[in-house]
Amino acid sequence: MIAIDPEKISTKENYKFLIGSIIPRPIALVTTQSHDGILNIGPFSYFNIVAADPPMVSVSVQRKSGICKDTARNAMETKEFVIHIIDEDIVSDANETAAELPAGESELTRTHFSLAESDVVKVPSLKEPKIRFECVLEQAVPLGGHEEAPACDLLIGKIVRYHIADDLYQDGKIHAEKLKPVSRLAGNFYSKLGEIFEIARPE
């Protein structure tokens, strides 16, 4: 095997090793809103479960030259955000929200998404995704980089409301085949769910 010291290679090389190795990655499509009422939408594949009691999830939002992205800044200012699970039916529109737009311009205009009022948080939700989580910010942790300019903001969100499409939820379970989730690979590549297999956990 090749052995590589991460401190002796560039940030770009570390990034490529990580996104090429840690696959497939679930994708959170996050809506936030500024104090001025501007809706921000963005996809993030540094996303996962943190805990079930209470239910919490994490989203790592990478900074650019040490500057917070709109998603992180809005979430930290308003303490709210909504996470939507990306599926095959919405992946093209979700991808459009990754465009770098000027501050004050919403990514919604690049998509066919429509808005839905959230139950608990003030941030609007998107109607089309089959699953969404309304979240309040539990904690925001700047990480990496150096003290003056962290590399990312790790957002920990506590879920305060689940929204799940009726046909996905049966017998207390969410059916993955009906959700048709899409995951992130490296470069411009994504993957579908693929073959499902079961292995019983040992006692």
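A residue counts as buried when its relative accessible area is under 20%, as exposed over 50%, and as partly exposed in between. Keep that in mind for these exercises on a predicted model.

**Exercise 1.** Is Phe133 buried or exposed? Then classify its ring partner, Tyr162.

*Solution.* Start with Phe133: its relative accessibility is 13%, so Phe133 is buried. Next comes Tyr162, at 46%, which makes Tyr162 partly exposed.

**Exercise 2.** How are the rings of Phe133 and Tyr162 arranged?

*Solution.* First look at the distance: the ring centres are 5.6 Å apart. Then look at the angle: the planes stand at 85°, so this is an edge-to-face pair. Planes over 60 degrees apart fall in that class. Finally, place the residues: Phe133 belongs to strand β9 and Tyr162 to strand β10, so the pair ties together parts 29 residues apart in sequence.

**Exercise 3.** Find the salt bridge between Asp153 and Arg63, and say where each residue lies.

*Solution.* The two side chains meet with N to O at 2.8 Å. Asp153 is in strand β10, while Arg63 is in the loop between β5 and α2, 90 residues apart.

Key. Residues numbered from 1 in each chain as written. Predicted model: local features only at pLDDT ≥ 70, side-chain atom pairs only at ≥ 80, totals over all residues. Heavy atoms only, no water. Phe/Tyr/Trp six-rings, centres within 6.5 Å; stacked < 30°, edge-to-face > 60°. Helix = DSSP H or I, 4+ residues; strand = E, 2+ residues; numbered from the N terminus. Buried < 20%, exposed > 50% of the residue type's maximum accessible area, 1.4 Å probe, protein only. Salt bridge = Lys/Arg side-chain N within 4 Å of Asp/Glu carboxyl O.
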